[in-house]
Amino acid sequence: MEYSTDLVNQARFGDAHAFARLYEMIYQDLYRFALYTLKNIPDAEDAVSDTVTDAFRQIRTLKKPEAFKSWMFKILTNKCKQKLKSYLDKTAELPEDLEAVSPDLNRKLDVQEAFWALDDEARMILSLNLFAGYTSSEIGQLLNLNENTVRSKQSRALKKMQEKLAD
Amino acid sequence: MNEKDLLEQLKEAARQITPPDSLSPEAIETMLKTQTKDPDPQQAAPSPGKQPARKKRISVYRLGGLAAAFAVVIAASWQAGHLSATRELTSQIPFANEPSGNQNTPEDLLLLDQELISEVTEVSDSPAQTSAEEADTTASVSDQLQEKNIHSDTTASDGSQVKSNLKNSQTDDNTSSAPETRANKETGTADPTEAETENPIPMTASLKPVESYETVYEALKETFGQQSLLREETLYDTGFGVNTLEIAAEMEATSQLAAGSSNAQDYSTTNVQEAGVDEGDIVKTDGEYIYILRRSGSLEILSAKDGSMEIASHLTFSPEETVQEMYLDNDRLSVITSGYYTEMDTSNEEVISAKSGSKTHLYTYDISEKNDPKLLGSVTQDGGYQQSRKNGDYIYLFTYFSPAVMETYEESHLAPSTSKGGLDASSIYLPEHLNHSSYLVAASVNIQEPDQIVDHKAVVSVGSAFYASQENIYIANENWDNTATQTEILKLHYEDGVITGIAAGSVEGYVNDSFSLNEYQGYLRIVTTSYDENYNESNGLYILDPNLKLVGAIRDLAPGETVRSARFVGNTGYFVTFRQTDPLFSVDLSDPAVPKVLGNLKVSGFSSYLHFYSENLLLGLGYEADENTGATTGLKLSMFDISDPANVTEVDKLVINGITWCDSLNDYKSILMDPEKNIFGFSCDNRYLVFSYDEEKGFQKEFIYDFYNDLMENTSNEDPSDTSGELTPDSQDPSLPDTDTTDPDKAGSNSQASPNDELMTLEYIEPDTWYDTYADTTTRGLYINDTLYLVRPGLGIVTSFDMTEGYQQIEQLQLQ
């Protein structure tokens, strides 16, 4: 994806329009990543929205325009990690079943259902690969896991999905 | 269904998910504009379509993020507080003008690590904050923050006029930055007297330990608010770190060259920033063995003789820890790892909280017997690993520690610990200005006594750039607001393991990377890019004395451009700015009070890495760019003749089309650089490129290794004659300048030699696995005598090549 250095520079100077143009290029992937990770539509929306707010405030510190996408995903990953952690704290309040929260997600392919059954970490790892295009070593750095662990978790998650799909 | 198909399907399914309207670019734009520009609390509405109840929560979340991001607001108040706080120390700072004798072994001349301290933000998802702040949540968050910060200054000042705070400072004429900045525009140099008396930014302050942790607590809580019980270290990599370093190895060319020539060794060392200050890396060699640190959690020691390799030993680390970097010093090998821990705190029956965070470890081995390394000792310190340096026998570790700031001081967890114990208040430095609630924790270890920490200190704040000279550590914190950016500099002195806070100061603008800072004879030179209220960029060079008091400056250089790389040698500084073309500035720094621009060479493209290749030659690695659009079009090697700094010329260049970005150029430790041997190499798009330079013939392509074809050969026995990735003459672009002088016949290479090396194009090779690229920034090239080794720690592959025989492959070793 091409990022205009000029857009990043303008955004750095507080140009909301320029930032929105940059955001436009990746926001669908941002949202899909958040939704796949969090399984919760309002929270996914929050996470992306919060990410935008943080990113816009900090874009001055982004020195390499080319890194915009990867930088946005890093912020979003942290937002999602926080949400997931907060779920642990108040599990009772949260719908166990995605159907209750997001009926429109139910009509999706089986493969998606199999995906929802994975644990938080596995979903996040796979989503980072799918939407952010991170390598396992980059995912490892983000999640404080070693690269091989990431790879085996990835592999295990996919196996699990395959088993589910075979049922 | 295989894994790849499964992922593909999953991705396909995701394509049907559309984000809600509230996240559309238009809505986001509106939201951002509302947040930033509208001070009216009534209208500070979040994105449309949200329910009131959630609005509040969201605002609070945002506050957490903004607390750090908006720290800039404090930038102005910092000046006031700082000035009034301290000046008494400035004349007593211990300081030696001459660097102490360099007792380092050649290995110590390895280069600095630039995994730069990323600008960090801790965001707390804070339920506890909710109740406290709920009443205010409709107010503009930025206003709240401004008020908070101003309040902390005990100055009743309107939030919109932060600058008025400055009137509290000792020197009233120091108050405004922009107008005076412009006053210097005409001359281009600052009058030294003017710099002292009218300098827009107060430039000096001491850095003193706090009296107690209560002070830290008050300051943090005041500035950032309390944090949630479920706090978490979230360090954002803002692109400042590993990937962004636009480099130029700083070193005294003279000392470097001297070190090289007096060297009996014939092997390469890690490319470090400062001569005499070693940096950790993932691959090291001592001329007989190659040491490889693998992310998978192991250390491999290989014997390497004339290209044939054998595993001498294999060490594994706890799967709970991630290996980071290592140091090699004769028979001592020290490995840095870091891990994440979570502890349940049940001390309070009412609240069960989980404490989590990172710890960093240093393991030191006796490797006198390569097949049997013995662990001599280890130390641990709180915080995620950021940086390290080694000078003499001492390794200095730098980590980020996130304190837990709770509702009360008693509940809070403020003191970081190391193997030496908790840091007491006298070891904590609290700058007047806080831009982040995390601490930078510094600890030192003597590798001869590797089971103890010699000293430990912490600075409440984290840096955006980090530079270690032979005697001092400089931490640059970027602070910005809507009207100006400044960089606060904190200076710590280090010697024989003892770390002492010395001074704090500040300059306009932000630094590109650590190479924008350089210490020489006690003076710190900094190149920054700043912008005015209309967002016009300009660049400046500042010289600060040992107390970080500004003594000289050149402002308003290259308006509209950004610093891309910098490099200093003795009394001369070079730096590259870029928009569409690349002016290479040379600056005379011999009188610190009156720096003078000597020259300004305009060439196409820009260099992002500068290295002194000889006394008279400066090598620039960077990109060719379209002169009209500024878009990069290819990789560019430039050689500048600097024998007359006032009249620098580009004596040769080599452009490789088709490569528009090389990550390894942003990570200087991944570059093999040895002017003495006349060889330099780096990886780029799954290839490893090796060049030399001939005074008469210019750049010589020595070797291009294609990892992609290599993998194809190894995995599928595919016909290696697939030349899709090899050099092809670029017939599409006849417009390229024809000034290059490479003689392809002289260049030995496994790849097809192009008849026109200066007109070559390398196609980008797309990796075809999900998880790995064949070469990345972890690829290291090194040489021992006449053998080149390419080490890929990720894949665990080491390949050797005979440099005397056209880089013919000797052997390839696959690690387990």
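**Reading strands and a helix**

Author: Strand β25 of chain B, residues 550–557, is mostly covered, with seven of its eight residues buried. This is a predicted model, where local features need pLDDT of at least 70 and side-chain atom pairs count only at pLDDT 80 or more, while totals for chains, interfaces and linings use all residues. Residues are numbered from 1 along each chain as its sequence is written, and chains are lettered from A and ligands numbered from 1 in the order in which they are written.

Reader: How do I read "buried" and "strand"?

Author: A residue is buried if 20 or more other C-beta atoms, placed from the backbone, lie within 10 Å of its own. Strands (E, at least two residues) and helices (H or I, at least four) are DSSP runs, numbered from the N terminus.

Reader: Which strand is joined to β25(B) by five bridges?

Author: Two strands pair if DSSP finds at least two bridges between them. Here β24(B), residues 537–544, runs antiparallel to β25(B), and Y542(B) has A553(B) as its bridge partner. The two strands form a hairpin with five residues between them, and L548(B) in the turn has a positive phi of about 60 degrees.

Reader: What is the order of the strands in the open sheet of chain B?

Author: The order is β34-β35-β36-β37, with antiparallel pairing. The edge strands, β34 and β37, each pair on one side only. Eight bridges link β36(B) with β37(B), and Y688(B) has Y705(B) as its partner there.

Reader: Why is helix α3(A) described as largely enclosed?

Author: Because 17 of its 18 residues are buried, α3(A) is largely enclosed by the rest of the structure.

Conventions
A residue is buried if 20 or more other C-beta atoms lie within 10 Å of its own, exposed if 12 or fewer, and partly exposed in between; C-beta atoms are placed from the backbone.
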